[in-house]
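Subject: Structure for your review

Dear colleague,

Please find below the structure that I am handing over to you. My notes on what was found in it follow.

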Amino acid sequence: MPDVLSLRAALLDWYDAHARSLPWRAPPGAKAKTDPYRVWLSEVMLQQTTVPHAAPYFERFTARWPTVGDLAAVEDAELMAAWAGLGYYARARNLLACARAVADEHGGVFPDTEAELLALPGVGAYTAAAVAAIAFDRAANVVDGNVERVMSRLFAVETPLPAARPELRRLAALFVDAHRPGDWAQALMDLGSGVCRPRSPSCDRCPLAFGCEALKTGTPERYPLKTKKAERPRRQGHAYVLIDGAGRVALVRRPDKGLLGGMAGLPTSDWGAAAEFAPPVAGSWRAAGSVEHVFTHFSLTLEVHVAAGEGGDFLWTSAEQAANALPTVFRKALERALGTLSRWERA
DNA sequence: AAACCGTGGTG
DNA sequence: TCACCAAGGTT
């Protein structure tokens, strides 16, 4: 059994020397903690999202909305447009709901306990613990995918995920301490992302190698064990790009719930095993080829169609503004349509 | 509690 | 190529 105290000391020492510098992070041991607003915003953006993908969004958001009060005052559509491309759009809806809850119910100040944080929209067990530890120095058990992987390897846990979650959480709790809880959480995540990686872990650079049970087995990358995932079904659909004389594009606002909820979108058919061509308005529609997109739980082929037209119950938006406000699947379709149009015009 | 919910990088 | 993966939360 690895010695918890030695491992703790080794990882904190390693963090002091090797901590990544990130836009939302205070240096190791810093007396002035990061603004809770910035910690919270970064944690929400980083849910299931890589640092390189989230970082530019974080910079834009904090430049535009420096405080939680500024964010709370933003219009829904403006926030959804700013989130476009980051994915998991429920996060953006909950982000706004959370900012408004902090503004209206907490006097514009983030609560500093895990329980109160957990009650906020879009803040689950992980995010509540992370904000409590990093922004408020609370001894919270911060468990994310990195921590699960590190624990599963340190203790060579043979139970596969997701069944192993409770056990991994108990193991992680063994290390939680009132001494530097925020640094501890971030040290574990830096270790998980840079050293104890899912594939080809760098055990030769690992400060915890001396106590790692998985390393002793000779195949540390076997951990954590996982149960097989179901395969992704394939769906088909049509997307309709209607363009008026001023070069504006007809967009719709998608329903708040469900896939891409609350986002601007192109008019489309239903998506299923097969899709019927039924454009939203009559006109001389021309086929512009297709685009592929992969969502979490299905793959989609979208046949793109273009026509000239105007009026109707649409949000008429300049092509440039549309490209910036649309989720990626529709941005692909729009680019396909515009590229095809310019080829036709040259011919 | 299993299913749903995006995107881009990677080997 | 494509399956896997990333600082999860909600229903």
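Domain bounds, as used here, come from an automatic or database domain assignment. On that basis, chain A is divided into domain 1 (4-222) and domain 2 (234-346).

Please note that this is a predicted model, in which local features need pLDDT of at least 70 and side-chain atom pairs count only at pLDDT 80 or more, while totals for chains, interfaces and linings use all residues. Residues are numbered from 1 along each chain as its sequence is written, chains are lettered from A and ligands numbered from 1 in the order in which they are written, and side-chain values use heavy atoms, with hydrogens and water left out.

The two domains

The centres of domain 1 and domain 2, taken over C-alpha atoms, are separated by 36 Å. Seven residues of domain 1 are in contact with eleven residues of domain 2, contact meaning heavy atoms within 4.5 Å. Between them the domains bury about 710 Å², 55% of it on carbon and sulfur atoms; buried area is the accessible area (1.4 Å probe) that two parts lose on being put together, summed over both. On the side of domain 1, Met80, Tyr89 and Arg93 lose the most area to domain 2, together 55% of what that side buries. Across this interface the rule finds zero salt bridges, a salt bridge being a side-chain nitrogen of Lys or Arg within 4 Å of a carboxyl oxygen of Asp or Glu.

Helices (H or I, at least four residues) and strands (E, at least two) are DSSP runs, numbered from the N terminus. Axes are lines fitted to C-alpha atoms, for helices over the stretch in contact, and angles run from 0 to 180 degrees between N-to-C directions.

Helix α9 (residues 145-154) packs with helix α11 (residues 181-194) at an angle of about 75 degrees, their axes being 8 Å apart. The two are therefore roughly perpendicular to each other (angles under 35 degrees count as roughly parallel, over 145 as roughly antiparallel, 65 to 115 as roughly perpendicular and the rest as oblique). Asn146, Val147, Arg149, Val150 and Met151 of α9 make this contact with Leu188, Met189, Leu191, Gly192 and Ser193 of α11.

Helix α8 (residues 125-136) also packs with α11, at an angle of about 125 degrees and with the axes 7 Å apart; α8 and α11 are therefore oblique to each other. Here Tyr126, Ala133 and Ile134 in α8 meet Pro181, Gly182, Gln186 and Met189 in α11.

Asp190 lies in α11 and Arg25 in the loop between α1 (4-18) and α2 (36-45), so the pair ties together parts that are 165 residues apart in sequence. A search of the whole structure finds 15 salt bridges.

Backbone features

Most residues other than glycine have a negative phi, and most peptide bonds are trans. In the loop between α9 and α10 (165-173) lies Pro162, and the peptide bond from Leu161 to Pro162 is cis, with omega near 5 degrees. Ala156, in the loop between α9 and α10, has a positive phi of about 45 degrees although it is not a glycine. A cis peptide bond also joins Tyr223 and Pro224, with omega about -10 degrees; Pro224 lies in the loop between α12 (213-217) and β1 (234-243).

Yours sincerely
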